[in-house]
Amino acid sequence: MLEIADIHAAHGRVPTLTGVSLRARAGEITCLLGRNGAGKTTVMRCIMGLLPITAGAIMLDGEALHTLPTEQIARRRVGYIPQGRRLFAELSVAENIEIGLMTCGEGRDTRDWVLDIFPRLRERLGQRAETLSGGEQQMLATARALCLRPRVLLLDEPTEGLQPSMIEQIRQVVLRMKAEGVAVVLVEQRMEAILSMADHAAFIETGRSIETVSAAALRADPTILPRHLGV
Amino acid sequence: MDFGPHLMLAMLEGAVTAAILALTAMGLSVVFGVMRVVNVAHGEFYMLGAVIAWFVASTLGTHPAVGFVAALVIAPLLVGALAALIDITVLQRIGYDPERTIVATIGLLYILQQGTLMTFGPDARPVAPPFNTRLALPFVEWGENGLALYWPWGLSITSYKLFVTAAAAVILIALWLFMTRTRAGLIMRATQQDSAMARAFGIPVAKVYALVFGLGAALAAMGAVLVVPIQQAHYLMGGDPLLLSFIVVIIGGLGSLPGTVIAALLIGMSDGVISVFFSPTLAKILATLAVAMVLVFRPQGLLGKKPQ
């Protein structure tokens, strides 16, 4: 289980997180929700160690992640699909996948498993990542993270700017990871995706946790989402 | 000598300059490309390579070929290891901040230069080439029976200079294969493109940076070992290669390895030709002017990418 306990962070002297807590259990999808600028991406970056926390703790199955360098966090099988995908644009599809495989020493089995999930990538292995369509780039970003055989999967707005068929494919992959026992933390703006996938929803506002509810409560009370997200 | 043979001789000399320059500038380009570090001390790594080559060759005191081969192995390794150590102890500690890195490498330049002066002395020291046969070269002329070969007086080159050109080409091809066909090269290219994401995928970026800084310095040292039988080792010899390397890297495109090779050929060949027909000073003036023109009309260089 990934447990974030009252973390604080800052960009220089400007505080960006002032008390965020979150639990992501194995085999569950936890949606991290908040308005633009609430600090959702910052939380993801803190989990990955890309932004150091100034207080609080981030624990994975009892081990402190916040004291580890980013590369060691990745090797704990924490897969990260960042906002905007951030592929290695000038590397080929095969090379991007190879980077993912190297993280935890995965081999050909995992490569085949990932390419079976995204067969279109198999046809594009020699192509540079920057020349792929937006949907294919999202597939590659997801595939690269899956190459870690993750225990925790962090997805930061994975459906942003995608067409409906691609969104459905990403949704199916997320549900499959959940079924395989992965703890998923999902930052998502689309309400139907949240309601159809989330087991829990954690709301943050201006860098602070304000409420965590179950999916059942979210569906039963239609006022929760508008109250926190203004939609 | 007629103009044609004279031009050919100038181009052969230019090819030697271009070969050494390509190696030296490639080191600078690799470091900038992967680490975004402007290494002002790069010329001193070149100088150290030459000085260590002299030391190894003169210490061994055997056949020049043995000393040369030993220097070609030992000097890049020592200089590369020193550079990696400097990266770990200095550059990592200042977080690769651009301004502080420039100041730190300027300081390093003087430390290495003056340290060499204090230990090695102010004299230029020769290293014997492993072989140095003078090869007369033919040229063509239009005679009564059509094109015919003839041997103009003075049109010749040494076998060692031909070797330098070939060796530099082999080293550059090996570097290209290393960068494109090996796992370490893939890691370097991934780090070059997005160091934060590289870390998020388990790449130990700090170790990669130390390796790259060492590799860049080792390339400069290799260039110096190749050139030292032609130019002699001297504690002030790092200045010109540094200037020309910056010119090449800016013209080729910062961080672009193919651009660096093309620019090295352009600058090296023009340096050779202009130096033979006019003067070496004019060659440097024109190269500097070329940089100014590139910065005005194509700031990203020949093959560099426009900043997003």
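Two residues are taken to be in contact if their C-beta atoms, placed from the backbone, lie within 7 Å. On that basis, residues 24 or more positions apart account for 76% of the contacts in chain B with a separation of 6 or more, and for 67% of the corresponding contacts in chain A. The model considered here is a predicted one.

The extent of each chain can be set against its number of residues. For the 308 residues of chain B, a compact globule would have a radius of gyration near 19 Å, and the 20 Å of chain B therefore agrees with that expectation. For the 231 residues of chain A, a compact globule would come near 17 Å, and chain A, with 17 Å, agrees as well. The table collects further values by chain.

| Chain | Secondary structure | C-alpha span along principal axes | Buried residues |
|---|---|---|---|
| Chain A | ten helices, ten strands | about 45 × 40 × 30 Å | 41% of 231 residues |
| Chain B | eleven helices, four strands | roughly 70 × 50 × 35 Å | 46% of 308 residues |

Strand 1 of chain A, residues 2–11, runs antiparallel to strand 2 of chain A, residues 14–24, and eight bridges join the two.

Key
Residues are numbered from 1 along each chain as its sequence is written. Chains are lettered from A and ligands numbered from 1 in the order in which they are written. This is a predicted model: local features need pLDDT of at least 70, side-chain atom pairs count only at pLDDT 80 or more; totals for chains, interfaces and linings use all residues. Two strands pair if DSSP finds at least two bridges between them. The radius of gyration is taken over C-alpha atoms; the globule rule is 2.2 Å times the number of residues to the power 0.38. A residue is buried if 20 or more other C-beta atoms lie within 10 Å of its own, exposed if 12 or fewer, and partly exposed in between; C-beta atoms are placed from the backbone.
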